[in-house]
Amino acid sequence: MFRYILLRIALALPTIVLVSILVFLMLYLTPGDPASIYVGDRQATPERLAQVRHEMGLDRPILVQYADFATGMLRGGASRSLQTNRAVSDEIMERLPSTLELTIAAFLISVFIGGGLGILSALRPNSWFDTATRAVAMAGVSMPVFWLGALVIFIFSVQLRWFPVTGEGGWERLVMPAAVLGLVTAAPLMRLVRGSMLEVMGMDYITTARAKGQRESAVVLGHGLRNALIPIVTVMGLQLGALLGGAVITEAVFARPGIGRLIVDSILSKDFPVVQATILYVAVIYIVINLVVDISYGFLDPRIRLGAGQR
Amino acid sequence: MTTSTTRAVAQPVSALKPRHDSMLRMSLRRLLRNRGAVIGGIILLVLIVAAVAAPLISPYDPVEMNPPARLQSPGLSHPFGTDNFGRDIFARVLYGTRISLPMGIIAVAISLIIGLVGGLLAGYYGRWVDAGIMRAVDVMLAFPGLLLALAIVATLGPSLVNAMIAVGIAAAPTYIRVVRANVLSAREYDYVEAARSVGVPERTIILRHILPNVSAPVIVLATLGVAGAIITAAALSYLGLGVKPPTPEWGSMLREASNYLRLAPWTTTFPGLAIVVAALAINLLGDGLRDTLDPRMKL
Amino acid sequence: MQTRLSRLGVVLLALAVLAIATACAQQAPAPAPAAPAPQQPAAQAQPPAQQPAQPQAQPTAAAKAAAAPTTAAAAAPAAGNKGGNLVYGLNTKFDTLDPTVSTFSVVSTIGYNVFDPLVWETAPGKFEGGLLESWDVSADGKEYTLKLRKDVKFHDGTPLKADAIKFTFDRIVDPATKSQSALSAIGPYDSTTVVDDYTAKVKFKQAYAPFLNSMSTPVLSPQSPTAVQKAGKDYGVTTVIGTGPYKLKSYKPDQEVVLEKNPDYKWGPKFLTANGGPYLDTITFRIIPEDSTRSATLQSGELTFADSLPAEEFKSLSSDKNLQILSPVQAGSGWSAMLNVTNPPLDDVKVRQALEWATDKQGLIDTVFSGVFKPACSPLTSNMMGYDAKTCDKYKFDPAKAGALLDEAGWKLNSGTGIREKDGKALKLDFYFRSDSPVTRNMATFLQSNWKKSGVDVNLQGLERAGYFDAVRAGKHHVQFWWETGGDPDVVRVLFHSSNADGGTNRNRYKNADMDKLIDDAAAQADPAKRSAIYSQIQDKALNEAIMIYLADPLTIVGGSTKLKGVVMDWSGNYPFFHAAYIEK
């Protein structure tokens with residue numbers, strides 16, 4: 001097990017290096033000058049612009065800049081943002097809790113609603129309940145997050161005054177953004193859970209379990225869900241990544257300072273060190289999630305042995 | 001897996017024509033028994049007809065401004081009301097179908113081409129080709145899709161075409177994975193082995209024997225993907241990276257009217273509903289296709 | 001099967017009804033469809049019940065029109081009761097809290113609470129002591145002698161002395177600081193000498209009258225030398241040390257800035273602190289970039305105050321009983337369209353003049369700014385010193401005149417395309433704007449449609465930041481937007497001076513030796529009346545040559561809870577002052 005994890009981490013390293021090089025090239029080989037954006041609409045002669053570029057270290061050879069960035073990352077994000085002059089690690093660490101809070105809450109909502117409704121509709125396929133849930137799930141996945149967010153703010157904050165609109169701290173500020181983000185991802189999960197459960201519930205061992213006179217809840221949860229979990233867990237892992245993407249918009253609508261907004265802003269303002277570092281963090285999180293998903297297979301299905309016979 | 005499937009099987013077979021097109025007919029028949037798919041298909045058809053016939057349906061030009069008639073609520077002369085420039089929102093939503101639907105379809109076509117080529121190569125040739133392509137997929141998957149699209153548009157500059165390319169590329173890794181997985185299993189089939197041992201050229205094997213096995217999941221993925229692409233394109237518009245004004249794309253209509261959400265709710269409600277209805281219709285159709293073509297597919 | 005189908009139909013129908021119901025529920029404040037919304041705020045029913053005591057503030061347009069008396073609510077209750085925690089909705093994130101470095105004007109919004117300006121500008125061109133007790137200008141206008149108050153302490157306990165001025169100014173011009181707004185504000189700075197503990201002499205390379213206005217902003221406020229040296233690169237991030245009525249408690253970038261009362265503050269200006277203050281226990285600036293979210297947060301009661309409220313919501317916010325909305329004209333240079341005079345066909349003054357006549361400013365304001373902003377006539381907003389009202393007679397919306405000028409310039413209408421042509425080339429303009437802002441997007445969309453009626457084809461190029469700045473600095477554009485806030489008429493330097501023409505802020509790319517001389521002379525002229533006269537000449541010249549099109553003078557729309565008392569708006573409409581503000585219990 002331990003060796004397997006080490007192996008996976010070793011395999012992930014080249015991916016991370018590749019991501020960093022790709023991001024670096026994408027930023028440097030495309031038009032757009034960070035110094036020009038930094039100066040913006042202020043008075044600046046071409047000489048002054050060159051001066052700012054020099055202060056930012058952008059006039060150095062590209063390899064030197066990459067080496068600088070790489071050593072900065074190895075020293076824990078010591079390089080500084082071009083736009084704010086703050087250490088990149090500070091920029092990220094301040095926002096990470098907010099984004100994690102949002103994505104985890106959204107994920108739980110997504111699992112609770114998607115999973116719960118999925119199981120319930122699988123138990124009564126093609127019933128009125130099933131049809132209604134599927135229609136709602138379908139509508140949910142068809143709604144642009146920013147529109148749903150704006151509607152929710154209008155109804156629940158301005159009209160009903162149930163929840164505060166923006167900011168963070170406390171569950172009441174988390175409810176709306178997490179629900180909006182969670183609902184959008186709940187729909188695909190619901191369809192998946194329903195499909196998997198339907199398939200599993202048709203298996204012989206379910207019939208056997210029922211014949212043995214086990215309680216229905218034990219049959220559904222103990223035998224049905226347990227066996228349907230592997231594909232569900234896989235997709236849940238993928239969805240955490242999608243949630244990070246969705247968080248970009250949710251954070252903008254609800255004015256939450258998070259990683260998503262940081263990435264968007266830094267991409268648009270060509271703040272190279274921040275883009276690189278943030279995308280690397282996201283990539284690492286993503287790889288960790290995938291690792292956790294793979295490890296969880298071993299717990300879900302003892303037949304799968306990690307590390308054995310890996311190609 | 002549903003009752004509709006079993007009923008389709010229980011159909012009398014007398015009406016079936018010769019064997020080579022019976023599979024297709026059977027699938028179609030099954031699809032027609034899927035309520036969701038039928039509803040989705042009908043809505044989609046209506047949208048397409050509306051897009052084609054837009055000039056006949058709406059008396060207004062979607063970009064023609066009429067300031068004195070601005071922000072009129074829905075009524076007889078303007079069924080969806082007017083926006084802050086006095087443009088008819090019904091006309092804009094209608095003409096928007098001409099932008100948003102093809103946008104979704106072209107974006108998916110881009111993912112599809114990348115996915116098919118990449119997935120076939122990776123799955124069929126294996127070894128270093130596979131390793132290389134899958135590493136690239138890993139790298140792309142490490143970016144959330146929207147962010148990847150954003151980076152691409154920020155690089156190429158905001159425009160309709162670039163938004164399509166961005167959304168297409170961002171979604172491609174999923175297609176590569178699905179195609180590859182199906183190629184891997186198809187490669188092991190006896191008849192493929194047989195064809196190879198007889199010395200059938202590789203191109204023929206890929207096109208004649210492998211590709212058909214991949215088509216069912218890919219059709220499903222692509223259909224569902226059109227809805228996703230329309231929504232991602234709307235999100236890009238929200239971030240200011242969408243189409244040029246005054247193009248009546250639904251997402252940019254929502255964005256441009258965002259300050260009127262409370263003052264003149266119809267300015268955002270109708271483009272928003274248009275996105276929901278179109279995406280819903282396509283999703284229903286895609287769901288039905290999945291039930292029909294590939295009921296075991298995990299999506 | 002049949003029943004299931006209908007069930008699904010019912011569900012879908014229910015969804016649709018729900019969506020439409022939400023839509024209808026929101027329709028209440030909308031104008032009736034039959035009668036187009038009246039554009040004059042005068043028709044607005046009643047202004048918020050009471051206006052607080054605001055010596056400087058412009059009452060809301062509605063209040064002014066209705067001639068509502070300003071009920072002085074400040075029959076000041078006992079000072080002990082005053083206090084409260086203010087939550088302020090700020091419209092943008094920013095780079096750093098250090099005003100010496102920042103590029104953002106919101107840093108000055110926060111800065112007026114943390115720092116004291118050296119002088120206060122109480123009305124256009126009228127100055128009062130701030131941290132300075134007095135000041136002198138040499139006869140040639142190149143040397144300023146500044147005398148500091150002796151009773152001022154920084155938040156870190158160190159006393160304010162003349163070395164802080166020298167330290168701050170020298171730091172601004174040090175390239176390593178990457179100073180932005182402050183560097184523009186300090187102009188042709190040469191050096192500072194410390195005469196004694198409380199006297200400093202500031203020398204300029206040439207006469208510089210705008211220095212007084214610059215000193216009235218926090219960007220030139222003295223920073224504590226010990227604090228800056230101690231914090232190093234973290235100054236402006238983890239700490240800023242000023243002398244103002246509030247001091248920094250915490251700062252979470254992108255999220256919020258929390259200030260707390262400075263109990264030692266005794267050196268406030270009379271016009272703000274005649275009745276004491278500061279009272280507020282804390283001020284929290286929450287960063288809420290999305291316009292509609294910010295106004296929703298204000299209406300939900302979470303915010304006590306918010307700035308940059310969208311013009312679209314001006315009416316609905318003004319009619320909210322729990323809110324008082326202020327809308328002073330924002331000083332500086334309003335929204336305008338810069339015309340690149342080097343890019344044909346805009347090198348022809350007739351074509352530029354034709355665009356001036358072709359522009360329907362009121363139409364733009366009605367559609368983009370809900371009729372709330374005022375049509376602009378001049379590069380200076382109407383409340384600026386030196387503004388010349390005659391500029392309004394120069395151009396009116398007159399498509400016929402525009403057409404005649406274009407005909408004269410050789411651009412004949414092709415009735416097939418509706419676009420004018422000359423020598424087989426269509427009259428086509430590339431219009432660059434930032435696509436991430438709905439306001440610029442909407443304005444550009446309007447002008448495209450507006451100018452098309454005069455046979456001008458506009459190619460809209462909405463770009464994100466990087467592409468936009470690359471294009472306009474290189475001069476690829478024909479037209480691009482400008483909007484500048486600031487209290488001194490020297491803003492015309494930003495627009496027309498040749499030193500800013502090559503890739504700088506003068507994206508008209510206009511270079512003219514006479515204009516340069518006028519601008520430099522005006523900046524050197526200390527006598528306000530003579531200075532104003534030169535600015536009249538500058539405006540006249542700029543309008544004759546049709547260098548840019550002035551579209552709309554923005555109103556700063558800010559608002560707060562009716563419980564918030566004692567907020568004073570700066571004359572320039574840019575900054576609210578909270579020196580004596582408190583929240584009624």
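Leaving aside neighbours within four places in sequence, A:T84 is in contact with C:D95, C:T96 and C:P253, two residues being in contact if their C-beta atoms, placed from the backbone, lie within 7 Å. A:T84 is found in the loop between α4 (62–74) and α5 of chain A; helices (H or I, at least four residues) and strands (E, at least two) are DSSP runs, numbered from the N terminus. With 25 C-beta neighbours inside 10 Å, A:T84 counts as buried, a class that requires 20 or more other C-beta atoms within 10 Å of a residue's own, whereas exposed residues have 12 or fewer and partly exposed ones lie in between, with C-beta atoms placed from the backbone. The C-alpha atoms of A:T84 and A:Y38, which are 46 residues apart along the chain, are separated by 9.4 Å.

The model is predicted, and local features need pLDDT of at least 70, side-chain atom pairs count only at pLDDT 80 or more, and totals for chains, interfaces and linings use all residues. Residues are numbered from 1 along each chain as its sequence is written, while chains are lettered from A and ligands numbered from 1 in the order in which they are written.

The contact between chains A and C takes 49 residues from each of the two chains. On the side of chain A that touches chain C, at least two residues each are supplied by α2 (34–39), α3 (46–55), α5 (88–123), α6 (128–141), α7 (145–159), α10 (216–253) and α11 (259–268) of chain A. Of these, α7(A) gives the most, with 7 residues. By class, this side of chain A has 23 nonpolar, 15 polar and 11 charged residues, where Ala, Val, Leu, Ile, Met, Phe, Trp, Tyr, Cys and Pro count as nonpolar, Asp, Glu, Lys and Arg as charged, and the others, Gly among them, as polar.

Chain C also meets chain B, with 38 residues of chain C in contact with 34 residues of chain B. The elements of chain C that each supply at least two residues to this side are α1 (2–25), α9 (291–299), α12 (361–368), α14 (438–452), β19 (457–463) and α15 (465–473). The largest share, 8 residues, comes from α14(C). The side of chain C that touches chain B comprises 17 nonpolar, 13 polar and 8 charged residues.

Within chain B, the axes of helix α5 (residues 89–125) and helix α10 (residues 202–238) come within 8 Å and cross at roughly 145 degrees; axes are lines fitted to C-alpha atoms, for helices over the stretch in contact, and angles run from 0 to 180 degrees between N-to-C directions. The residues of the contact of α5(B) with α10(B) divide into 15 nonpolar, 4 polar and no charged. Among the residues that meet are B:S100, B:M103 and B:G104 in α5(B), and B:I206, B:I210 and B:V218 in α10(B). The loop between α10 and α11 (250–256) of chain B holds B:P246, and the peptide bond from B:P245 to B:P246 is cis, with omega near 0 degrees. Helix α12 (residues 266–293) of chain B has 28 residues and should span 40 Å at 1.5 Å a residue, in agreement with the 39 Å between its end C-alpha atoms; the expected span is 1.5 Å times one less than the number of residues. This helix, α12(B), is mostly covered, with 27 of its 28 residues buried.

The secondary structure of chain C comes to 18 helices and 26 strands, and 56% of its 585 residues count as buried. Among contacts in chain C between residues at least 6 apart in sequence, 70% join residues at least 24 apart. An open sheet of 3 strands in chain C has the order β15-β16-β17, with antiparallel pairing; two strands pair if DSSP finds at least two bridges between them. At the edges stand β15 (412–414) and β17 of chain C, each with a single partner strand, so one side of each is left without a neighbour in the sheet. The antiparallel strands β16(C) and β17(C) are joined by 2 bridges.

The loop between β16 (419–422) and β17 (425–426) of chain C contains C:D423. Phi of C:D423 is near 50 degrees, a positive value in a residue other than glycine. C:D423 is exposed, with 6 other C-beta atoms within 10 Å. A positive phi, near 55 degrees, also occurs in C:R509, again a residue other than glycine. C:R509 is buried, with 23 other C-beta atoms within 10 Å.
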